[in-house]
Each structure stands twice: as C-alpha cells, then as structure tokens.
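Hi,

Here is the structure I said I would pass on.

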Amino acid sequence: MKSLRDLYKIGKGPSSSHTIGPERAARKFLERVPSSSHTMGPERAANYFKNAHPQADGFRVILYGSLSKTGVGHGTDRVLKETLGPDRTEIVFSAEDPADLPHPNTMDFIAYKGETELLRMRVMSVGGGDIVIEGEPEAEADDVYPESSFAEITQFCRWRYITLPEYVELNEGPEIWDFLKTIWNTMRKEIQNGLSATGILPGGLNVSRKAKLLYERTHLLDIPQVRELQLVCAYAFAAAEQNAANGTVVTAPTCGSCGVLPAVLMYLQGKYHYSDLRMAHALGVA
C-alpha cells in the first residue's frame, strides 16, 4: 500500500483532476521556466541568470477534452491564472481535440518571451491530483506498507502488540505526524472559512452557500441529538462549499468527498477536546 502522503493532497477545489492536477502542473511548469527571480530561491535565481536562460513574460495554456468542456464550471481557468499570473496568462478552451490526444484531461503549457516560444510542455491530469508529463516516465509511488488488507494489518498489530498509530509510524516514520498535523490544520481552516462565508458559489448554477446558516441554527435547537447532527452537517457543508468556491481543501481521498472526514473530526475535537496529535492519529488510521 502507498504512503498516506499520496492519499491526502492539499490544493484548490473543486476537482482533484480539474483543479488540483492543473495547479500542480502549472507549478511544475514554472519550475522549468521561471518568470522572475522572486519566484525562486536566491541560489536557484543565481544559477538561472548565470546560465542566461531567457525570462518568460507570458503563458498560454490550451485545454483539451474534458478540461476544455467543463473547465469554466470547474474553475480550471481560475486556478491556472492564479498560479501562473492572471495578467500574463491566456487560457484557450480548444474546440477540437488533436488526433493524438493521450488522455481526456490533457493540457499544453507554453511559455513566451515576447512573441518567441521558450518552452512547451504537455501534461495529463490523471485523477486524484496526480499528473503525468508527456515524454517523461510516470512517477510510481513506492509501497510503504507491506500488508495489503486491513485483516493483514490487524493480524500484524496483534502479533507485535502495537496500536494502529504505532503501525503507521513504524512504516511511515515519526515525521508522518507533522505531515498529518498540517493536513488537519488545513481541514480545520477550510471549515472555519466556510462557516464565515456567504453568497453565491461560482460555476454558473446560482447555488447559495448554506454552511453559515446551518451553523447558526444549531444554537437555536433544544434537542441535543438534532443539534449534533446539524453541527456536523454545517461543518461538512462548509468544507464542501470552500471546495466548490476554488478554496484550498484536502483530498480525502477526492475533492468530491472532502467535506465528510473533516466534519466528523472537527466535531469530535470540539466535543472531546482532542489534541492535534490525536487528530493526526485519526487521519493516519481513517
């Protein structure tokens, strides 16, 4: 089984393949064609100018297939412009797909210096926030866990007399908890931001945000069980609405399901005052 680092990804909603993947692709493209010295660290900037590579001052991204047909509604254009720079980026929704289109979620990144093309890179957003760059070997995540089923994990833990969090640390290393704390803090922030936001969600369907309204109603309820249920629903709506609004969310394991897990964990931490490390443990064995 793969690492938890491959399960939880932080990025812009509302789609792991239509926004998180393109965002990661755009960042990868910027690494290859930096546009100014302040997009790099001092050492990299020095090497950049030492090698006399031309500076890009404009970008064009051509979207094909599914990315072209649903890109506006999914916010693909917004996340690409935000990552590459809105004033220097042109997004093209291709009406026709080339005959050699390798994947439904394909995009061409092109960097320019004036009218001169500096670099072109074709990227496929293959799902779950993962990307594949055409002409380069696909990066395969290593298996971290020897066991392939929960039954095998349970048997191993009983044999070693260890808990599930101890099992996770045994395979991932102790640094996994800092990673999962970051994941939890991001989940918590997306809920908090969603609970304070109002208005119409982007995408053209004129859907109003409901999380804040649901959350405020919980204080008016006298039945504890109903109040508990509505509070969890408010948390889930808050995260899901942040996702729909191109906010920063965590795949769990997709953007479409990003509201359920943080809502449950947020409620449990509030009710039982669990530490952030306890929440990281929960994310490790969820």
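This is a predicted model: local features need pLDDT of at least 70, side-chain atom pairs count only at pLDDT 80 or more; totals for chains, interfaces and linings use all residues.

Cysteine 258 touches Glu190, Ala239, Ala240, Asn243, Val249 and Val250, if you set aside neighbours within four places in sequence; contact here means heavy atoms within 4.5 Å. You'll find cysteine 258 in the loop between strand 7 and helix 10 (260–272). Helices (H or I, at least four residues) and strands (E, at least two) are DSSP runs, numbered from the N terminus. Cysteine 258 has a relative accessible area of 1%, so it is buried. For that label, buried is under 20% relative accessible area, exposed is over 50%, and partly exposed is in between, with a 1.4 Å probe and protein chains only. From the C-alpha atom of cysteine 258 to that of threonine 76 the separation is 18 Å, and the two residues are 182 apart along the chain.

Residues are numbered from 1 along each chain as its sequence is written, and side-chain values use heavy atoms, with hydrogens and water left out.

One of the contacts of cysteine 258 is Asn243, which belongs to helix 9 (residues 224–244). Is asparagine 243 buried or exposed? Its relative accessibility is 6%, so asparagine 243 counts as buried. Again leaving out neighbours within four places in sequence, asparagine 243 contacts Gly13, Pro14, Ser15, Val249, Cys255 and Cys258.

Two of those contacts are worth a stop. Glycine 13 and proline 14 are joined by a cis peptide bond, with omega at about 15°. Proline 14 sits in the loop between strand 1 (10–12) and helix 1. Most residues other than glycine have a negative phi, and most peptide bonds are trans. Asparagine 246, though not a glycine, has a positive phi of about 65°; its place is the loop between helix 9 and strand 7 (248–250). At 12% relative accessibility, asparagine 246 is buried. Asparagine 206 also has a positive phi, about 55°, and lies in the loop between helix 7 (176–196) and helix 8 (211–217). With a relative accessible area of 62%, asparagine 206 is exposed.

Now the pockets. On a 1 Å grid over the protein atoms alone, a pocket is an open set of points where a 1.4 Å probe fits, with protein on both sides within 12 Å along at least five of seven lines, and lining residues have an atom within 4 Å of a point. Grid points are joined across faces, edges and corners, and a volume is the space filled by probe spheres set on the points.

The largest pocket has a volume of about 560 Å³. It is lined by 20 residues, and Arg24, Asp130, Ile131, Ala139 and Glu140 are the closest to its centre. Helix 1 (16–32) and strand 6 (130–133) are the elements that give two or more residues to this lining, and helix 1 gives the most, with five. By type, the lining of the largest pocket has seven nonpolar, no polar and 13 charged residues. Here Ala, Val, Leu, Ile, Met, Phe, Trp, Tyr, Cys and Pro count as nonpolar, Asp, Glu, Lys and Arg as charged, and the others, Gly among them, as polar.

The second largest pocket comes in at about 280 Å³. Its lining has 16 residues, with Met1, Leu4, Ile153, Gly284 and Val285 nearest the centre. Helix 5 (150–160), helix 6 (164–172) and helix 11 (276–285) each supply at least two of the lining residues. This lining divides into 13 nonpolar, two polar and one charged.

On to the rings. Tyr145, Phe156, Trp159 and Tyr167 make up one aromatic cluster; rings of Phe, Tyr and Trp (its six-membered ring) pair if their centres lie within 6.5 Å. The count comes to seven aromatic pairs.

Finally, the whole chain: the secondary structure comes to eleven helices and seven strands. Of its 286 residues, 43% count as buried.

Happy browsing!

Technical notes. Rings of Phe, Tyr and Trp (its six-membered ring) pair if their centres lie within 6.5 Å; planes under 30 degrees apart count as stacked, over 60 as edge-to-face and the rest as tilted.
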